[in-house]
Amino acid sequence: MFPRSTLVILCVYYVGIVSCDTTQQSVEPDLTPSPTAEPESSGSGCGCQSLKRDVPSGVAARTAKEPHTPRDPRELPAGKYSAAANRDEGQSECRERADISAEMVLIPAGQFLMGTDNPGIPQDGEGPQRRVHLDAFYMDIHEVRNLDFQKFVNATGYVTEAEKFGDSFVFEGLLSEKIKSEISQAVAAAPWWLPVKGANWKHPEGPDSHIADRLEHPVLHVSWNDAMAYCLWAGKRLPTEAEWEYACRGGLQDRLFPWGNKLNPKGQHYANLWQGQFPKENTGEDGYVKTSPVMSFPVNGYGLYDMVGNAWEWTADWWNVHHATDELHNPTGPATGRDRVKKGGSYMCHKSYCYRYRCAARSQNTPDSSSSNLGFRCISKKGL
Ligand SMILES: [Ca+2]
Ligand SMILES: [Ca+2]
């Protein structure tokens with residue numbers, strides 16, 4: 001976490017709602033007894049939780065081309081798409097929507113223990129553990145891909161906030177020398193995050209990059225507002241933090257990861273994370289130094305891919321680190337806030353720096369923030 005005086009950092013048609021088929025690449029539950037979060041995390045993380053578009057004083061910085069996005073949900077960019085999303089049938093947008101990747105899986109109603117009493121990063125509000133009851137819902141089996149978001153944009157003409165602002169945050173290790181040479185500002189406390197002009201979902205590392213060969217990868221550089229717009233257009237919504245965490249756990253109780261407590265059971269990688277010394281060396285031992293195509297790693301017990309790692313995922317909730325132990329039913333988080341909760345960590349997470357690739361882990365960004373490691377997936381109640 002760095003101070004504010006540093007640089008800005010930063011017709012429901014499921015094509016196929018698939019039932020919960022735990023036979024597909026199913027992960028054998030790891031019943032290792034202790035779920036204790038191993039204690040070495042620095043807790044400071046990769047710095048991405050502090051990426052904000054608020055321009056602080058005292059730094060020469062980029063200036064947003066447009067005013068800050070309004071906080072009233074009715075004024076959000078998503079608002080103008082909700083009406084279309086709610087139309088029942090016969091609309092061209094709906095027909096277009098019908099062929100987006102909308103493979104979803106049924107997450108059954110149930111209860112689980114949310115959070116942990118052994119927090120890896122206590123200041124993130126991972127605890128205390130509390131019992132939560134949830135109704136059933138359908139969830140996208142994978143993160144929203146570039147391919148999916150492209151169809152949304154083609155159908156609606158939607159312009160993301162990163163495109164409106166004219167820049168977004170990119171991890172330095174991904175940038176070309178040409179792009180780096182054009183940037184004079186960096187974040188003192190997290191110099192690996194750079195504001196890159198022209199970086200957006202279509203150009204993840206700036207103008208000299210493109211998604212043409214990454215259509216199956218998670219869409220990046222989407223703000224919470226952008227994610228809301230997409231989900232509404234698709235006739236879905238963002239998951240609450242509780243829904244996301246319940247889905248992450250895949251039916252296992254009180255485990256660190258979606259597959260159990262061992263990070264690499266039998267020496268195998270179960271998520272796209274960082275191996276090596278962050279931020280200088282990423283060995284790519286898991287096969288990827290950047291994002292991976294969705295569904296490149298095993299599913300969890302509910303048939304969901306990449307719940308931890310690959311791209312961080314926005315949730316609907318406002319951020320707050322104080323939680324009661326009261327039993328809750330379908331909680332929706334605080335009524336107000338400044339940041340929104342994101343879950344699951346990303347390909348940039350390493351235990352020494354960002355031990356947030358656990359189901360109980362959490363982080364936050366302002367709703368207009370975007371970066372090269374943050375995406376989302378949607379859920380729906382329709383069809384139940
Ligand atoms: Ca990796
Ligand atoms: Ca993910």
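Biologist: Which residues does Asp 339 touch, not counting residues up to four places away in sequence?

Modeller: Happy to start there, in this predicted model. Asp 339 is found in the loop between S9 and strand S10 (340-343); strands (E, at least two residues) and helices (H or I, at least four) are DSSP runs numbered from the N terminus. Taking contact as heavy atoms within 4.5 Å, and leaving out residues up to four places away in sequence, Asp 339 touches Lys 52, Asp 317, Trp 318, Trp 319, Gln 364, Asn 365 and Thr 366.

Biologist: Before we go on, what pLDDT do local features need in this predicted model?

Modeller: Residues are numbered from 1 along each chain as its sequence is written, chains are lettered from A and ligands numbered from 1 in the order in which they are written, and side-chain values use heavy atoms, with hydrogens and water left out. In this predicted model, totals for chains, interfaces and linings use all residues, side-chain atom pairs count only at pLDDT 80 or more, and local features need pLDDT of at least 70.

Biologist: Is Asp 339 buried or exposed?

Modeller: Relative accessible area decides this: under 20% is buried, over 50% exposed and in between partly exposed (1.4 Å probe, protein chains only). Asp 339 has 2% relative accessibility, so it counts as buried.

Biologist: With which side chain does the side chain of Asp 339 make a polar contact?

Modeller: A polar contact is a pair of N or O atoms within 3.5 Å; within protein, one must be able to donate a hydrogen and the other to accept it, and residues adjacent in sequence count only if both atoms are side-chain atoms. At 3.1 Å, the partner of the Asp 339 side chain is that of Arg 338.

Biologist: Which side chain does His 133 join in a polar contact?

Modeller: His 133 lies in strand S4 and, at 18% relative accessibility, counts as buried. Among the residues it touches are Gly 110, Leu 328 and His 329. The polar contact, of 2.5 Å, joins His 133 to Glu 327.

Biologist: How are the donor residues of the calcium ion (ligand 2) spaced in sequence?

Modeller: Donors are N, O and S atoms within 2.8 Å of the metal (3.2 Å for Na, K and Ca); water is not among the atoms, so sites may look incomplete. Here the protein donors are Glu 143 (OE), Asp 306 (O), Gly 309 (O), Ala 311 (O) and Glu 313 (OE), 2.4 to 2.6 Å from the ion. Gly 309 is buried at 0%, and Glu 313 is buried at 0% too. The spacing reads E-x162-D-x2-G-x1-A-x1-E.

Biologist: And how far from the calcium ion (ligand 1) do its protein donors lie?

Modeller: Its donor residues are spaced N-L-x12-D-x1-Y. Asn 272 and Asp 286, 14 residues apart, are both in the loop between H7 and strand S8 (312-318), and both are buried. The protein donors of this ion, including Tyr 288 (O), lie at 2.2 to 2.5 Å.
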